[in-house]
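Here are some notes to read alongside the model. Please keep the structure open as you go.

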Amino acid sequence: MSAVAGLLSLGGAASNDLVGEFQETILVRNARGFNVGTTLVGLMSRLESEPAENSEFSWFERDPVRRQIYADGADATAPTAQNEADTIIVQETSTTGTAVDAWQHLAVGHVLRNDRTGEYVQVTATPTSGTVSVLRAIDTAVSATLATYTINDNDPWVIVTLGQAEGANPTQASYEGPSALTNYIQTFNSTVELTNAFKGNKLRSDAAGPLDDRRITALEKIAYDIELAYFFGVKKVTGTTGVRTYYTGGVKNAVDTNVSANALDAGGTAGIPMKDFRDWLRAPMTSGSDVKLALCGPTAYSAFSDYANQAVNGFRITQAESVFGMNITTVQTPFGLLDLAMHPLFTQTPSLQDWMFVLDLAHIKQKIMEPLFLEPNIQTPGQDSYKEQYRAKLGLKLKFANAFGYAANLQQII
């Protein structure tokens, strides 16, 4: 025992003799409450899910009947008269290359309109290749504009209508087959493991013992794994023999693979011109459902909402409400309503704070082979420890990727 002379103070007392005060809980940012992380998983739990019967699942999609094809090559020679016989070469997409399939959409009597020049042409023979026989400049009162009816490579041709002669035989049938898309069921896992000595102790931070809090942490981890996989997961299978590992592809993977034009790099601190942002937003907003949900990091949210607050160029905020614990701001865009919400995980992760995902909830489903559950007592028999795990086998089924989009580096709209 040590001697203490004079006035006894806290500084002179034995440090281990002072009890101190500790709150008997652990305060964790965003640990409890609404909208604390797994927003997309939470939303899909309220939407329709589908059971999965195999680790690889496929579905079929068919776009609406095609009404637009493209010129495959330029023709700088304009027609000199109405109804002038000529040929045009068509392809199915606006990319350069060999004409593929577009001619199969056409038959005798089809009328096409060049969207750039306004010229109308009439198909005069059912095509058998990308070279199509037509009458040029069939629209009336065009004598003053014939010189403008040149054709540029990748000019869009709209299939306007099909006219039939009286008593004519049926036209050649044409069909557009569906496309098969595939994704995988991913096994998600998060482990809780304690020595029995630690599990049996009473802690200052948790008077009930350490197990419950460790369970909460493990559950939070697996929920975040699922959530970010649904956004950023890459569709992949590793291991060609024996045991395989499946990874489910997320929204970004589906957009990058199927409709890369719906992905935007918004320029970071330099900002993105409003015209470019509007051109990008048009694609997902005009496909699929009329109302979309945008989940954003705080920087992207601020950039978009700040612009909408100015009520210019067709953008304005119309209302704010709370849905499923999320604060939703509804923005009127030139293409329809967009519900804007902050995503907690994007907020917590610095590199995701300027991301924005546009989602069509009507076209996204969760495939479930094994729902999320807690499996207790999985330690090795006889081992002086306690072990359990959370596990789930889930996948993302995203239909019609052109109804989705994402923007990265969205920091300001100029």
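1. Start with the overall picture. This is a predicted model. The protein has 414 residues, and 39% of them are buried. It contains 7 helices and 21 strands.

2. Next, look at how the chain meets itself. Take the contacts with a separation of 6 or more: 72% of them join residues 24 or more positions apart.

3. The accessible surface is about 22,100 Å². Carbon and sulfur atoms hold 50% of that surface.

4. Find the largest pocket. Its space is about 1,200 Å³. The lining has 32 residues. Nearest the centre are Asp63, Pro64, Arg66, Asn258 and Asn402. Two elements, β3 (68–71) and β9 (179–184), each give two or more residues to this lining.

5. What is the lining of the largest pocket like by class? It has 14 polar, 10 nonpolar and 8 charged residues.

6. Turn to Thr248. This residue sits in the loop that runs between β12 (245–247) and α4 (251–258). Is Thr248 buried or exposed? Its relative accessibility is 0%, so Thr248 counts as buried; the cut-off for buried is under 20%.

7. Which residues is Thr248 in contact with, leaving aside neighbours within four places in sequence? Among them are Asn183, Tyr184, Gln186 and Phe188. Ala229, Tyr230, Gly233, Val234 and Lys235 also belong to the list, and so do Leu394, Gly395 and Leu396.

8. Look again at Leu396. Its backbone nitrogen lies 3.1 Å from a polar atom of the Thr248 side chain.

Methods. Residues numbered from 1 in each chain as written. Predicted model: local features only at pLDDT ≥ 70, side-chain atom pairs only at ≥ 80, totals over all residues. Heavy atoms only, no water. Helix = DSSP H or I, 4+ residues; strand = E, 2+ residues; numbered from the N terminus. Buried < 20%, exposed > 50% of the residue type's maximum accessible area, 1.4 Å probe, protein only. Contact = heavy atoms within 4.5 Å. Areas by Shrake-Rupley, 256 points an atom, 1.4 Å probe, with all protein chains shown as cover. 1 Å grid on protein atoms, 1.4 Å probe; cavity = no way out; pocket = protein on both sides within 12 Å on 5 of 7 lines; lining within 4 Å. Points joined across faces, edges and corners; volume = space filled by probe spheres on them. Nonpolar A, V, L, I, M, F, W, Y, C, P; charged D, E, K, R; others polar. Polar contact = N/O pair within 3.5 Å; in protein donor to acceptor, adjacent residues only side chain to side chain.
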